[in-house]
Amino acid sequence: MRLLSRHGSMASTREDPLYKETATVTTCVNTPEPKSTVQSRAASPPPAQQEAEYPDGGLKAWLTVFGAVLALFCCGQLTAFGVFETWYAQNQLRDLPASTISWIGSLQLWILYFSGGFLGRIFDAFGPHVILIPGSILLVFATMITSICTQYYQFLLAQGLLTGLSYGMLFYPTFASISTHFRKYRATTVGIAIAGSGVGGVVFPIMFRHLFTQIGFGWSVRIAGFMCLVLCTISCATITSRIPPRRKITKIIPDTKVFRDAPFVLLVVGCLFINFGLFIPFVYLANYSIYRGISSGTSFYIISAMNAGSIFGRIAPPFLADTVGRFNIVVPSTLLMGVLALVFWTFAKSLVAIVLFAVTYGCFSGAFLAMQIPCIAQISNIEEVGTRIGILYSVASFGVLAGSPAAGAVLKADQGSYVGMIILCGIINILGSFLLLWSKHSLNHRLFARV
């Protein structure tokens, strides 16, 4: 009876459209014993017909990746917010504490993440261009408005709210479009695309460092706006989706069966914790270096060093993940993020040590940022991938929103000491890595399975 029950479970699983796209996992043991519902998603190779549906290359596919790189280059200003925070603390907003200024960057990130809930549904219904084109226009407009801001509430509205929403309108359709063109090399191509934001995170801090002092804040930001105008125009012309749009949104709220999917829920909650701690060094490491006696001019380059490390992390680990498994890359990467904060950042007091921490942390954080979407796509039906990506980022948005202000509050409570903030960053990242490991374990119980 138990054997019949298990065969019945497999039959119902094959009929469920949610499991049309299954993850590919190779283990050392080959046995004809039937697998449970969850294991079948992790261990069964996709049918040849389904695999053939993905071109995994071609002109349209690679043009989509190219356009995504350009769009996400513009989003690199997100991870460069530490430069803005340092500038604001010494100029326009010098009378405000760091924890208050950090709300600008936190709001920006929260809007980016939270907007995925409805932008993913719009993508599944109408395709990428209905989001990309107005998002590009909004980004240029918001950047120009930011260049003339002088008051805190103005920065909150322009740089926090409007640019955050515009980044979301560029972010989600680019990744969802790539996922429709690639399966075998999905992690690699997503990593290449997200490396664009890492390059932007290197270029923008260095550019602002020189331009702020030479031509002033206003024109420096306007030049960035004109750059975004050109790059986003090219992106809108090159990004396409292989899946025809449904032309309607059947339901505003996703089907509740999504929230009964244990691996998906564990992945989402793990990402919530990691996104809480991930951006703390990006926001506060420049100020930390000044605290350690490094000049403010040099501190700008530390953010660039961190983003330079993230470029490698966004390309090399995803390339490896297509061979050894996506979860097998994201779990150790997030664990090392927490360990580096606790062991390395705590004792980094010289310029060399701080730069080394920035590069290594940037590398592993880049790997995590590049692997979130491939992990979601691996356990999702391709027709729902936009919706599920949106759910993940909407939930994770609350971690992003709370992380930097919470770190600033701990910094203030410790009377300027960074030890408590560093411990918070390390512990929360390690906790998130264990939740991702639990998600992997729910897909396949074998520790070294290719998941």
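How many salt bridges does a search of the whole structure find? The search finds 1 salt bridge, the term meaning a side-chain nitrogen of Lys or Arg within 4 Å of a carboxyl oxygen of Asp or Glu. Before you go looking for it, some housekeeping. This is a predicted model, in which local features need pLDDT of at least 70, side-chain atom pairs count only at pLDDT 80 or more, and totals for chains, interfaces and linings use all residues. Residues are numbered from 1 along each chain as its sequence is written, and side-chain values use heavy atoms, with hydrogens and water left out.

**Stop 1: the whole chain.** Show it as a cartoon: you get 18 helices and 0 strands. Both are DSSP runs numbered from the N terminus, helices being H or I with at least four residues and strands E with at least two. Of the 451 residues, 57% count as buried, where buried is under 20% relative accessible area, exposed is over 50% and partly exposed is in between (1.4 Å probe, protein chains only).

**Stop 2: the salt bridge.** Select D261 and R388, whose side chains meet at 3.3 Å, N to O. D261 sits in the loop between α11 (217–238) and α12 (262–278), while R388 belongs to helix α17 (residues 385–413), so the pair ties together parts 127 residues apart in sequence. Are these two buried or exposed? D261 is buried at 4% relative accessibility, and R388 is buried too, at 1%.

**Stop 3: the nonpolar core.** Now pick Y88, Y113, L267, L278, L285, W345 and F368, which touch the most other members of the 119-residue largest nonpolar core. Helix α16 gives the most to this core, with 13 residues. A core here is a set of buried Ala, Val, Leu, Ile, Met, Phe, Trp, Tyr and Cys residues joined through side-chain atoms within 4.5 Å. Stay on Y88 and show its contacts (heavy atoms within 4.5 Å): leaving aside neighbours within four places in sequence, they include F81, R94, T146, Q159 and F217.

**Stop 4: the largest cavity.** A cavity is a set of points, on a 1 Å grid over the protein atoms alone, where a 1.4 Å probe fits but cannot get out; lining residues have an atom within 4 Å of a point. There are 3 cavities of 30 Å³ or more, and the largest has a volume of about 170 Å³. To centre on it, select L78, F171, S197, R314 and L369, the closest to its centre of the 15 lining residues. The largest share of this lining, 3 residues, comes from α6. By type, the lining divides into 11 nonpolar, 3 polar and 1 charged, with Ala, Val, Leu, Ile, Met, Phe, Trp, Tyr, Cys and Pro as nonpolar, Asp, Glu, Lys and Arg as charged, and the others, Gly among them, as polar.

**Stop 5: the second largest cavity.** This one holds about 80 Å³ of space. Select Q77, F84, Q108, T143, T146, Q159, T163, Y167 and V221 to see its lining. The elements giving two or more residues to it are α8 and α9 (152–181).

**Last stop: F141.** Finish in helix α8 (residues 129–146), where F141 lies. F141 is partly exposed, with a relative accessible area of 46%.

Key: 1 Å grid on protein atoms, 1.4 Å probe; cavity = no way out; pocket = protein on both sides within 12 Å on 5 of 7 lines; lining within 4 Å. Points joined across faces, edges and corners; volume = space filled by probe spheres on them.
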